[in-house]
Amino acid sequence: FVLDALTPAGRAAVRASSTKYRRWVLKLWQKRASRAQRLAKRIPHKSQWLCIHHGEGSWSAHTGNGYYGGLQMDLSFQRSYGGYLFRAKGTADNWSPSEQMWVAERAYKSGRGFYPWPNTARACGLI
């Protein structure tokens, strides 16, 4: 726990002697966390990622072919678009389905589109 890593509001709340203020800050951050969780569940292109997933395998797939997870991401892809998850949890077969789709969405938004999955994306009518 490093105070320097917190936002200024977090630092102020730690130093505040007012219980009322501390409760207000706690409720504020609880609301923000709740909103972030709701937004995280709204994955852009979710139906498209699920279609690709149906052609790729289990969300926990690690078949030894160099590809991992339900969207069959290779190590380079995982490091490039999901480095934070790769460092924290290992390969994509250890990530939740939502995390895998968000990483794929990050690649999509970078300009790669659905092309990292040429066969399944074509089968889904995406390319």
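This is a predicted model: local features need pLDDT of at least 70, side-chain atom pairs count only at pLDDT 80 or more; totals for chains, interfaces and linings use all residues.
Residues are numbered from 1 along each chain as its sequence is written, and side-chain values use heavy atoms, with hydrogens and water left out.

**Exercise 1.** Work out which residues of helix α5 are buried, and what they pack against.

*Solution.* Start with the segment: α5 spans residues 97-112. Helices here are DSSP runs (H or I, at least four residues), strands likewise (E, at least two), numbered from the N terminus. Next, apply the burial cut-off: buried is under 20% relative accessible area, exposed over 50%, partly exposed in between (1.4 Å probe, protein chains only). That picks out Glu-99, Gln-100, Met-101, Val-103, Ala-104, Glu-105 and Ala-107. Finally, look for their partners, taking contact as heavy atoms within 4.5 Å: the buried residues pack against α3 (46-56), β2 (73-74) and α4 (75-89).

**Exercise 2.** Find how α4 and α5 are arranged, and which residues meet.

*Solution.* For α4 and α5 the angle is about 150 degrees, and the axes are 9 Å apart. That makes the two helices roughly antiparallel, since the classes are under 35 degrees for roughly parallel, over 145 for roughly antiparallel, 65 to 115 for roughly perpendicular, and oblique for the rest. Then go to the residues: on the α4 side they include Phe-77, Tyr-81 and Leu-85, and on the α5 side Val-103, Ala-104 and Ala-107.

**Exercise 3.** Locate the salt bridge and say what it links.

*Solution.* The rule asks for a side-chain nitrogen of Lys or Arg within 4 Å of a carboxyl oxygen of Asp or Glu. Running it gives one salt bridge. Its partners are Lys-89 and Glu-99, at 2.9 Å, N to O. The pair links distant parts of the chain, with Lys-89 in α4 and Glu-99 in α5, ten residues apart. As for accessibility, Lys-89 is partly exposed at 38%, while Glu-99 is buried.

**Exercise 4.** Describe how α3 sits against α5.

*Solution.* The angle is about 110 degrees, with axes 11 Å apart, so the helices are roughly perpendicular. Lys-46, Trp-49 and Leu-50 of α3 make the contact with Met-101, Ala-104, Glu-105 and Tyr-108 of α5.

Key. Axes are lines fitted to C-alpha atoms, for helices over the stretch in contact, and angles run from 0 to 180 degrees between N-to-C directions.
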